[in-house]
Amino acid sequence: MSIHASDPFATPEELRSPVRRLRGRLPAAVTLWTANPRSGLTVSSMLVADGDPGRVLGLVDEESDLWEALEASGRFAVTLLGEDDRQLADRFAGLMPAPGGLFATGDWEPTDWGPVKPGQTWAGCRLDGSRPYGWSLLVEATIEHVELTGSAGSALLHERGRYRR
């Protein structure tokens with residue numbers, strides 16, 4: 001067996017999308033979007049807009065289980081992930097095996113918006129609408145509830161295909 005210094009299946013750099021490469025150079029906070037019944041997806045392409053009421057915009061995969069649950073329930077939770085949540089983020093992104101399902105490990109607190117990790121900052125959101133946007137679905141929502149933890153901690157950031165501190 002040979003070990004490669006780089007991914008032998010990766011698209012050569014000169015063939016990669018410049019837009020995707022630009023997006024990859026923008027550090028993004030990693031969040032976990034969950035909906036009832038127990039669906040979830042790691043989302044880093046999102047924005048929180050302050051106002052009365054506050055709003056959330058995010059890009060999700062239209063073919064994801066999360067979108068199906070979110071569309072059916074009309075509600076979802078957005079949990080901010082911290083540096084210690086790398087494996088959790090990978091599991092919900094489909095990059096790591098999830099024997100027994102996405103929610104089989106760890107503690108989960110049920111809410112009206114979706115399951116959340118106890119002790120972490122999260123927001124409960126109501127779906128306002130969606131539309132195709134690029135290769136994703138732009139989800140627009142109103143923030144109905146916010147739970148802030150006592151300490152902000154360090155957010156999990158994603159940049160150039162990796163997590164960073």
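Analyst: Start with contacts. Leaving out neighbours within four places in sequence, Thr 79 is in contact with Val 30, Thr 31, Leu 32, Val 116, Gln 120, Thr 121 and Trp 122. The model is a predicted one.

User: What makes these residues contacts of Thr 79?

Analyst: The cut-off is heavy atoms within 4.5 Å. Thr 79 itself lies in strand 6.

User: Why is Thr 79 called buried?

Analyst: Its relative accessibility is 1%. Buried means under 20%. Thr 79 therefore counts as buried.

User: Which element holds Leu 70, and why is Leu 70 called buried?

Analyst: Leu 70 belongs to helix 2. Its relative accessible area is 0%. The limit for buried is under 20%, so Leu 70 qualifies.

User: What does Leu 70 touch, not counting residues up to four places away in sequence?

Analyst: Leu 70 touches Trp 33, Ala 35, Arg 75, Phe 76 and Leu 127. Take Ala 35: Leu 70 and Ala 35 are 35 residues apart in sequence, yet 5.6 Å apart in space, C-alpha to C-alpha.

User: How do you know that the buried residues of helix 2 are on the same side?

Analyst: The buried residues are Leu 66, Trp 67, Ala 69 and Leu 70. They cover an arc of only 165° around the axis, and that places them on the same side of helix 2. An α-helix has 3.6 residues a turn, so residues three or four places apart point the same way.

User: What is on the face turned away from the buried side of helix 2, and what covers the buried residues?

Analyst: The face turned away carries Asp 65, Glu 68, Glu 71 and Ala 72. These residues are exposed, a label that requires over 50% relative accessible area. The cover over the buried residues includes strand 2, strand 3, strand 5, strand 6, strand 7 and strand 8. After helix 2 comes Gly 74, with a positive phi near 75°.

User: How do you know that strand 4 and strand 5 pair?

Analyst: Pairing needs at least two bridges. Strand 4 and strand 5 are joined by 4 bridges and run antiparallel, so they pair. Leu 47, for instance, has Leu 57 in strand 5 as its bridge partner. The two strands form a hairpin, with 5 residues between them.

User: What makes strand 1 and strand 9 a pair?

Analyst: They share 2 bridges, in the antiparallel sense. The requirement is at least two, so the pair counts. Ala 29 has Leu 157 of strand 9 as its bridge partner.

User: What is the strand order of the open sheet of 3 strands, and why do strand 1 and strand 10 stand at the edges?

Analyst: The order is 1-9-10, with antiparallel pairing. Strand 1 and strand 10 each have a single partner strand, so one side of each lacks a neighbour in the sheet.

User: How much space lies in the largest pocket, and what makes a residue part of the lining?

Analyst: The largest pocket holds about 1,800 Å³. It is lined by 38 residues, and the closest to its centre are Arg 20, Arg 23, Gly 24, Ser 44 and His 158. A lining residue has an atom within 4 Å of a pocket point. Helix 1 gives the most to the lining, with 5 residues. The lining divides into 17 nonpolar, 10 polar and 11 charged residues.

Methods:
Residues are numbered from 1 along each chain as its sequence is written. This is a predicted model: local features need pLDDT of at least 70, side-chain atom pairs count only at pLDDT 80 or more; totals for chains, interfaces and linings use all residues. Side-chain values use heavy atoms; hydrogens and water are left out. On a 1 Å grid over the protein atoms alone, a cavity is a set of points where a 1.4 Å probe fits but cannot get out, and a pocket is an open set with protein on both sides within 12 Å along at least five of seven lines; lining residues have an atom within 4 Å of a point. Grid points are joined across faces, edges and corners, and a volume is the space filled by probe spheres set on the points. Ala, Val, Leu, Ile, Met, Phe, Trp, Tyr, Cys and Pro count as nonpolar, Asp, Glu, Lys and Arg as charged, and the others, Gly among them, as polar. Buried means under 20% relative accessible area, exposed over 50%, partly exposed in between (1.4 Å probe, protein chains only). The arc is that of the directions from the helix axis to the C-beta atoms.
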